[in-house]
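Reader: I have a structure on the screen and would like to learn how to read it. Please take one feature at a time, with the general idea before the case.

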Amino acid sequence: MQQELKSEFTKQLIIDKAFNLFYEHGFKTTSIDKIMKETALSKGAFYHHYKSKKELGLEVIQLKVQKRVVDGMIAPLKEPGNAFDILESVFINRLKEFPFYDKQHGCPMNNFINELGDNEVLYQTALKSIIEKWKAALIELIERGKRENSIKQEISNQAVAVYLISSFEGIRGIRKLYDNDAILVDYLSGLQLYLKQIKV
């Protein structure tokens, strides 16, 4: 039992350190050696748990990246309350809450999409799965808003969901280029104007 706990701790340590390095430096430029140096473990410990960096990358997407999106952007959409207010709060408050570190490095999922999404089917599938979960939660909330009459009936649930995800991910990437939040303030103003268009 103790050996199992130690093994699980080792695996989690590798995942955590890999996630941080991928986030700060990119997946392609982060070597297994660099990850293991951060963990202070041997390279043998890596190969005990993973066959390759590619396998580790998939696990980081599934366990770390997906959890961030679920906790920050999907689970709050399922909370009780006025659907429009939830939609507005989740998208606007989430952007305001990001610490400087996250502003500097952008969105981990977006970084993976930009770096790996065009040439690796396994990564595409894993990342697309997160987007589809997020989109489904948004569509469900928008439909709820229509039923309770807080969101306009005539809008396309899918179009609004895709637009909100795309604009949110876009500003996370663009924000990395600026050393102040002026661009973010402008985006939030535009987002609030857009959201008013779908409100009853």
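Author: Start with charge pairs. Side chains of opposite charge can pair when their charged atoms come close. A salt bridge here is a side-chain nitrogen of Lys or Arg within 4 Å of a carboxyl oxygen of Asp or Glu. The structure holds nine salt bridges. This is a predicted model, in which local features need pLDDT of at least 70 and side-chain atom pairs count only at pLDDT 80 or more, while totals for chains, interfaces and linings use all residues. Residues are numbered from 1 along each chain as its sequence is written, and side-chain values use heavy atoms, with hydrogens and water left out.

Reader: Which residue forms a salt bridge with Lys11?

Author: Glu59 does, with the closest N and O atoms 3.2 Å apart. Lys11 lies in helix 1 (residues 2–25) and Glu59 in helix 4, so this pair ties together parts that are 48 residues apart in sequence. Helices are DSSP runs of H or I with at least four residues, strands are runs of E with at least two, and both are numbered from the N terminus.

Reader: Is Glu59 buried or exposed?

Author: The terms have cut-offs: buried is under 20% relative accessible area, exposed is over 50%, and partly exposed is in between (1.4 Å probe, protein chains only). Glu59 counts as buried, at 18% relative accessibility.

Reader: Where do Asp16 and Lys64 lie?

Author: Their side chains meet in a salt bridge (2.9 Å, N to O). Asp16 lies in helix 1 and Lys64 in helix 4, so that pair too ties together parts that are 48 residues apart in sequence. Asp16 is partly exposed at a relative accessible area of 25%, and Lys64 is partly exposed at 24%.

Reader: How should I read a pair within one helix?

Author: An α-helix has 3.6 residues a turn, so residues three or four places apart point the same way. In this structure, Glu132 forms a salt bridge with Lys135, the closest N and O atoms being 3.3 Å apart. Both lie in helix 8, three residues apart, about one turn of the helix. Glu132 is partly exposed, with a relative accessible area of 38%, whereas Lys135 is buried, at 14%. Elsewhere, salt bridges that share partners join Lys103, Arg175 and Asp181 into one network.

Reader: How far apart are the end C-alpha atoms of helix 8?

Author: The expected span of a helix is 1.5 Å times one less than its number of residues. Helix 8 (residues 121–148) has 28 residues and should span 40 Å; its end C-alpha atoms are 40 Å apart, which agrees. Just after helix 8, Asn149 takes a positive phi of about 65 degrees.

Reader: Which helices do the buried residues of helix 8 pack against?

Author: They pack against helix 4 (53–74), helix 5 (83–97), helix 7 (108–116) and helix 9 (157–174). Contact means heavy atoms within 4.5 Å. The buried residues of helix 8 include Tyr123, Leu127, Ile130, Trp134, Leu138 and Leu141.

Reader: How do I describe two packed helices?

Author: Two packed helices are described by the angle between their axes and the distance between the axes. Axes are lines fitted to C-alpha atoms, for helices over the stretch in contact, and angles run from 0 to 180 degrees between N-to-C directions. The axes of helix 5 and helix 10 (residues 182–198) come within 11 Å and cross at roughly 175 degrees. That makes helix 5 roughly antiparallel to helix 10. Angles under 35 degrees count as roughly parallel, over 145 as roughly antiparallel, 65 to 115 as roughly perpendicular and the rest as oblique.

Reader: Which residues of helix 9 meet helix 10?

Author: Among them are Val160, Tyr163, Leu164 and Phe168, and the residues they meet in helix 10 include Ile183, Leu184 and Tyr187. The axes of helix 9 and helix 10 come within 11 Å and cross at roughly 175 degrees.

Reader: How many helices and strands does the protein chain have?

Author: The protein chain has 10 helices and zero strands. Of its 200 residues, 42% count as buried.
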